[in-house]
Amino acid sequence: MEMAEQSTGDTMEITASPTNEILRSDSADPVAQARALELRRRIQASGYMLIFALAITGAMGVIALMSADVVLSATLFAVAGIILLSYVGVNVAGPSRKTPMLVGALLLVLFFYLLLSGGVNNTGLMWAVMLVPGFINLYGYKWGTVTLAGVGATTGLILFYPDFPGLLAEYDTAHRARFIAVFGALTALTAILDSSRHQTQQMLHKLTAELENHASTDALTGLANRREAYRAIDEMERRNRELAGRYTVLIGDLDSFKAINDTYGHCFGDRILQDVAQTLQDNTRADDVVARWGGEEFLILLPNTDVQGGGILAEKLRHKVEALSAQYEEDVKISISFGVAEGGSNAKQSGQSQLLAEADSRLYRAKDSGRNQVITA
Ligand SMILES: Nc1nc2c(ncn2[C@@H]2O[C@H](COP(=O)(O)OP(=O)(O)OP(=O)(O)O)[C@@H](O)[C@H]2O)c(=O)[nH]1
């Protein structure tokens, strides 16, 4: 297990997760996908910044060489070499959550060197403006602003402390004061822009999660809907193909529900559907998927279960649903019929539609044989 940083846009939350899990966007959860995308964006930004820093340092090295400033040119080429090695290292090792940290540290070292030495033609201070979009991009607006405030304060100290040790460059007072003002304003503006981008992104995450929830949930019962049930069966089929496992599907249909609706009204029918849904949910395991398959039909997907196990559960559920009748003032008789079929490597049929057709035909045999029963073969 590796400590993973879950990017939330402005902070990096540290949680335990398998290596690079957060970087994968093949998760079905759209919010996880968006987070993985955000982290990938930051890692990508780190790569661009390394290329940019390499180009600037190399170009300054060449200019220093042409001006016969051998020490400055050698230092800049050495820094360019380190940046190049980091870039190659990052690409060879693959994307890592530590990349933004490494790039940030390199940029800081480069900047403070340029600030103190003056760089080429005393332009060292100017490069600080590049740190602003860079750090906000790398660390998000909160930690980016905190880091930039630290950089600004340290730079201010170096510039205004009388005879700061190591400061070889000479910047006039107006230049220093303008720098502090521009750096502060640029940091504030970039942070505000990134914070509104972050808020929009958070809103999109929330809306996406809500939409995903609406698209996969049945409004009346709160169970998974038919679309979600299909997705769950597909997923189960895929997993069982890999693991050569087995699973079972129950299709349950309330008996003579039309008569209940006709006698007691649609609202009462809805209440029964909700209570049956709750009963099915309460009497199955957390791994099982209980879905509303259609009007008064339910589908239950049981992982790692054979048809005998599925039959036993269906019997238990049938009893529980029957027992619901006693809880209403109305003299109503509720019952459910089940068709049970096994999928996976041992199954006779192959494919989702055949499995469902088998469960369905058994359900209809249960109906034809008098209802309120379970058929498994
Ligand atoms: N109250 C309510 N009724 C629904 C809902 N969805 C489907 N129904 C009703 O469920 C009834 C199903 O009737 P049928 O398909 O004839 O089946 P049945 O009366 O249960 O008879 P068997 O299945 O043969 O036992 C219909 O009257 C539908 O209107 C719903 O969301 N709420």
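Reader: What is G269 in contact with, leaving aside its neighbours within four places in sequence?

Author: G269 is in contact with F257, I260, N261 and Y264. Two residues are in contact if their C-beta atoms, placed from the backbone, lie within 7 Å, so these four meet that cut-off with G269. Keep in mind that this is a predicted model, where local features need pLDDT of at least 70, side-chain atom pairs count only at pLDDT 80 or more, and totals for chains, interfaces and linings use all residues. Residues are numbered from 1 along each chain as its sequence is written.

Reader: Why is G269 called buried?

Author: Let's count. Buried takes 20 or more other C-beta atoms within 10 Å of a residue's own, exposed is 12 or fewer, and partly exposed lies in between. G269 has 20 such neighbours, so it counts as buried.

Reader: Where does G269 sit, and how far is it from K258 in space?

Author: G269 is in helix α8; helices are DSSP runs of H or I with at least four residues, and strands are runs of E with at least two, numbered from the N terminus. G269 and K258 are 11 residues apart in sequence and 8.8 Å apart, C-alpha to C-alpha.

Reader: Which residues come nearest to the ligand?

Author: Of the 17 around it, D255, F257, K258, G269 and G295 do. A residue is near a molecule or strand if its C-beta atom, placed from the backbone, lies within 6 Å of it.

Reader: Which elements give two or more residues to that shell?

Author: They are β3 (246-254), α7 (257-264) and α8 (266-282).
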